[in-house]
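Ready for a few exercises with the model open beside you? Try each task first, then follow the solution step by step.

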Amino acid sequence: MARWLISLVLLSSVSVAGVANANSTVLELLSDSQSLTPQQLIAQAEKSYPGVISEFDIDVINGELIYEVSMIDTQADTVTEFEFWAKDGKLIRQKVATLEADDRDELKAVRMMQEMELGFSQLLKTAMGDSTAHIVEAQLDHDLGISYLELKLIDQHGKRRLAFDIENQRPLPLLKWD
């Protein structure tokens, strides 16, 4: 029994250290002044491709930061997934698919943004306010009759999440968690 408890304590401390190390690596990569910030890449994608950004995510492959962007084109009824190098914004991969039932919540939020003539980068700027945190993930969603932006941010204090009501342009306290 004692060995089992010691093993459990050692494993949990290793996994906590692994998560902390992964967070610091992501923060270091996002803080690299030689790379495009997520906001810069998002603005670039908005200008270069048709549709509305519905999702942004980061990935680290072989120590390189990759930005993943999904855009919904309501005119063509498609969702396009892009992968870009963070260091220069160069397109790595692009995949187009027809909108499916799974996309309907994001589609509702996209339509609200279109009605409001609001871009994803504008929404991010409003939602983040004066925050200097880095965006790890951002996704449009619609639930309980509310279209919102869900954000995952990271800074030197760690990760945090927040939700931002698109229509009323304010944080959603009920969906905000740390």
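**Exercise 1. Find which residues Ala45 is in contact with, leaving aside its neighbours within four places in sequence.**

Step 1. Take contact to mean heavy atoms within 4.5 Å. With neighbours within four places set aside, Ala45 is in contact with Ile53 and Met71.

Step 2. Helices here are DSSP runs of H or I with at least four residues, strands are runs of E with at least two, and both are numbered from the N terminus.

Step 3. Ala45 counts as buried because its relative accessibility is 1%. The scale, with a 1.4 Å probe and protein chains only, calls a residue buried under 20% relative accessible area, exposed over 50% and partly exposed in between.

Step 4. Check a pair: Ala45 and Ser70 are 25 residues apart along the chain, and their C-alpha atoms are separated by 9.8 Å.

A note before going on: this is a predicted model, in which local features need pLDDT of at least 70 and side-chain atom pairs count only at pLDDT 80 or more, while totals for chains, interfaces and linings use all residues. Residues are numbered from 1 along each chain as its sequence is written, and side-chain values use heavy atoms, with hydrogens and water left out.

**Exercise 2. Describe the lining of the largest pocket, and then look at Arg93.**

Step 1. A pocket is found on a 1 Å grid over the protein atoms alone: it is an open set of points where a 1.4 Å probe fits, with protein on both sides within 12 Å along at least five of seven lines, and lining residues have an atom within 4 Å of a point.

Step 2. The lining consists of Glu55, Phe56, Asp57, Glu68, Val69, Ser70, Glu81, Phe82, Glu83, Arg93, Gln94 and Lys95. Two or more of the lining residues come from each of strand 1 (52–61), strand 2 (64–73), strand 3 (78–85) and strand 4 (91–98).

Step 3. Sort the lining by type and you get 3 nonpolar, 2 polar and 7 charged residues. Here Ala, Val, Leu, Ile, Met, Phe, Trp, Tyr, Cys and Pro count as nonpolar, Asp, Glu, Lys and Arg as charged, and the others, Gly among them, as polar.

Step 4. Now zoom in on Arg93, in strand 4. Arg93 is in contact with Glu81, Phe82 and Glu83, leaving aside neighbours within four places in sequence. Its relative accessibility is 49%, so Arg93 counts as partly exposed.

**Exercise 3. How many helices and strands does the protein have, and in what order do they run?**

Step 1. The count is 4 helices and 8 strands.

Step 2. From the N terminus on, the order is α-α-β-β-β-β-α-α-β-β-β-β.
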